[in-house]
Amino acid sequence: MADVEIARSGAVLELTLNRPAKKNALTNAMYRTLTDALSEAARDEGIGVVLIAGAGGVFSAGNDIGDFIAALSGGEMAAADFIRAIAAFPKPIVAAVDGLAVGVGTTLLLHCDLVYATPAARFALPFVDLGLLPEAGSSLLLPRRAGMARASAWLLAGDSFSAEEAREAGLINAVVESDVLLGTAREKAAKLAAKPRAALLAARRFLRGDQAEILTRIDVELDAFRAALASPQAQAALAAFVNKSKQAG
Ligand code: COA
């Protein structure tokens, strides 16, 4: 099974994060697959909407920590291309979130248009605790979306939050039971895909605001993120996670 499954249903392209043994943590290879799928979906006139989901009762535990460590010694950070691609993606994105959504697993949702989550969904943005910084434009988009109080609690204090809190904050559209999560997301995606395309895309563009501003913030954040990744604090936090996993194994 591929770590990212790609399936097409009518005018909807479904991307399923499928690495459940590692809580769907995103590797460079997965980011590359996602980035390629998004750029193909942007070009393909037969695709109207993209749906993103996670397999195995988890959405994503965020960036693969091993790949973060490899990036320190010159390894690639394919996350950067993915983040730019999803932020610039011109068509609606629907997301279905079950279980954990950590780091980029939560920040990517800021670039989605309709998001559904189960009562078991749990969101966390532990960047600062890891010696890292908010990414994917979240330092700009989260305060706008959820207000400064919540953005500070989630991005600075590192408080995790529930699906209900995410709904109240306007980060997700609705909380739905897990047995109907995918069906709900698929139905919403198909309905969007059936709408007059030009009007839908133009309306979405207006709603999402100044894309250049968002892409600029993403690049500024990424520069700061790379520097933070090289800090002793981040290295210690990432090494601690890897060592904990090794000991548990
Ligand atoms: N990168 C790499 N591997 C990860 C991972 C990540 N981000 N998140 C989880 N995994 C792996 C674990 O190492 C473990 O692998 P193993 O079975 O080979 O030891 C497996 O996924 C299961 O994770 P585990 O920690 O045992 O599950 P849990 O339910 O106890 O905890 C999390 C789940 C997500 C809370 C915990 O794994 C975690 O904190 N992950 C890191 C999240 C993170 O900081 N992401 C980056 C944000 S910038």
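A residue is called buried when its relative accessible area is under 20%, and the close-up views below are taken from a predicted model.

**View 1. Arg19, a buried residue in the loop between β2 and α1**. Arg19 lies in the loop that runs between β2 (12-17) and α1, and because its relative accessibility is 17%, Arg19 counts as buried. Leaving aside residues up to four places away in sequence, Arg19 touches Asp3, Asn24, Ala25, Thr27, Met30 and Asp64.

**View 2. The side chain of Arg19 and the backbone of Ala25**. Asn63 can be located relative to Arg19 by the C-alpha to C-alpha separation, which is 12 Å in space, while the two residues are 44 apart in sequence.

**View 3. Packing of helix α1 against helix α3**. Helix α1 (residues 28-43) and helix α3 (residues 78-88) pack with their axes 8 Å apart and at an angle of about 25°, which means that α1 is roughly parallel to α3, angles under 35 degrees being counted in this way. The crossing in which α1 passes α3 is left-handed.

**View 4. Residues at the contact of α1 with α3**. From α1, the residues Asn28, Tyr31, Arg32, Leu34, Thr35 and Leu38 take part, and they meet Ala78, Ala79, Asp81, Phe82, Ala85 and Ile86 of α3. Sorted by class, this contact of α1 with α3 comprises 8 nonpolar, 2 polar and 2 charged residues.

Technical notes
Residues numbered from 1 in each chain as written. Predicted model: local features only at pLDDT ≥ 70, side-chain atom pairs only at ≥ 80, totals over all residues. Heavy atoms only, no water. Axes fitted to C-alpha atoms, helices over the stretch in contact; angles between N-to-C directions. Helix = DSSP H or I, 4+ residues; strand = E, 2+ residues; numbered from the N terminus. Parallel < 35°, antiparallel > 145°, perpendicular 65-115°, else oblique. Left-handed = near helix turned anticlockwise from the far one by under 90°. Contact = heavy atoms within 4.5 Å. Nonpolar A, V, L, I, M, F, W, Y, C, P; charged D, E, K, R; others polar. Buried < 20%, exposed > 50% of the residue type's maximum accessible area, 1.4 Å probe, protein only. Polar contact = N/O pair within 3.5 Å; in protein donor to acceptor, adjacent residues only side chain to side chain.
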